[in-house]
Amino acid sequence: MNAERSIATQIVELIQADQLEVGSHLPAQMLADRLRVSRSPVNEALSLLHEKGVLRRERNRGFFLAQPVAKRVSDVVEQLGLPETDLITDVYFRIAEDRLKGLLEDDFSEQLIRSRYGLTNAQLTAVLARISQEGWAERKPGYGWQFSNMLTTPDSLLQSYRLRLALEPAALLEPGYRLDPKVLERCRAAEMHLLNGGIETDTADQLHDRGVRFHESLVEASGNPFFVDTIKRVNRVRRLLSYRSMQHRERYTLHCKQHLHVLDLLERERNEEASIALREHLSHTLDALSKISGILKP
C-alpha cells in the first residue's frame, strides 16, 4: 500500500473535483464527512491551507476559497509545499492489513496500538476515531477495544455487494428522483479522470472514495433517507476489504464506462433503463470479485 495523500492535499483535490469558485464556503463537517475522518485533522488542514493563501478565514463563519485552484494536484502540492502523505491514514491501512493477515486479535488495547505503530496519544486518538467511525472496531464497555466481525472475510464483501444489488437499482426508481446536473457533471468528470490515467496513478483509498461518491450520489438523488442511510453504512465498513481488491485494476476501465452509461441514461431521464444498467454493473462487479476472492483471504 502506498502512503495516502495528506488531508490538506485531499481537500485541494475536492476543490478541483467540485470545480469550486472563489468565495465558496468549505464547512469542516462537510469535508470530514466527504473524507471520512474526524473534524480535528480537517481543521488542521484548513488552517494550513489558510496559511498557504489557498483559503481565507472569516470570524465565526469558517473558511472560504481565496484563489482558484486550476493546476494539477501534484503541481499545487509542490508549489505550496504541502505534506504529501498523512501519517494517520498510513497507520490506518497498516492496522487494516495486519487485521486481515490475522496479526491482530479480536480484542486489543490502546497501549498495544500505540506501541506497535509508534504513535503519540493524539495520533492514537485520531486513528482509532477513524477506525471506529468506519465501523470495523469499537470501544468495549469498561476497557479496551474490539474489532468487528463484519467484512473480515471474502464472503462478507460479496454479501455487501448483494445488499447493494438489491437497493441501489431500486433507488433510481423512487418517485421524484432527481440527480442535480452539477452532481452529474462532477461524477462524469471523476470517471473521465480515471479513464485518462487515474486508474493507474490514484491510490487505493482514492479509487475507493471515487466509487463510493459515485454510488452514494446516485442513491442520494432518490431523496429516500432509508436508502441513503443503508448504503452509507455499508460503504463505511466495506473499505476494510474492498481496497485490497484493487490490486486487480484492469477491471476499472469497464467499470468507468458502465458508470458513464448510467449517467447518460439518468441525464436523459431514462431511469428504468438506468436502473437495469446499474444492476448489470453491480452484478458484473460481484462476479469479478468472486473470481479474485483469493487475494482477500488472510
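**Basis.** I am working with a predicted model, in which local features need pLDDT of at least 70 and side-chain atom pairs count only at pLDDT 80 or more, while totals for chains, interfaces and linings use all residues. Residues are numbered from 1 along each chain as its sequence is written, and side-chain values use heavy atoms, with hydrogens and water left out.

**Helix 5.** I looked up helix 5, residues 87–100, taking helices (H or I, at least four residues) and strands (E, at least two) as DSSP runs numbered from the N terminus. Its 14 residues reach 20 Å from the first C-alpha to the last, close to the 20 Å expected at 1.5 Å a residue, where the expected span is 1.5 Å times one less than the number of residues. I then asked how many of the 14 residues are buried, meaning under 20% relative accessible area, with exposed over 50% and partly exposed in between (1.4 Å probe, protein chains only). The count is 10, so I noted the helix as mostly covered. Among the buried residues are Ile-88, Val-91, Tyr-92, Phe-93 and Ile-95, and also Asp-98 and Arg-99. After the helix comes Gly-102, with a positive phi near 80 degrees.

**Nonpolar cores.** A nonpolar core is a set of buried Ala, Val, Leu, Ile, Met, Phe, Trp, Tyr and Cys residues joined through side-chain atoms within 4.5 Å. The largest one has 24 residues, and Leu-172, Tyr-177, Leu-179, Leu-218, Val-262, Leu-263 and Leu-266 have the most contacts inside it. Helices 8, 9, 10, 12 and 13 each supply at least two residues of this core, and helix 13 gives the largest share, 6 residues. For Tyr-177 I listed the contacts (heavy atoms within 4.5 Å) beyond four places in sequence, and found Ala-171, Leu-172, Leu-218, Ala-221, Ser-222, Leu-266 and Asn-271. Another core, of 23 residues, lies apart from the largest one and includes Val-12, Leu-26, Ala-45 and Val-76.

Last, I traced an open sheet of 3 strands, in the order 3-5-4 with antiparallel pairing, where two strands pair if DSSP finds at least two bridges between them. Strand 3 (107–108) and strand 4 are the edge strands, each pairing on one side only. Strand 4 is joined to strand 5 (residues 145–147) by 3 bridges, and Arg-139 stands opposite Trp-145 in strand 5. Glu-138 is found in strand 4 (residues 137–139), and leaving out residues up to four places away in sequence, Glu-138 touches Trp-145 and Gln-146. Glu-138 and Ser-148 are 10 residues apart in sequence, and their C-alpha atoms are 7.3 Å apart.
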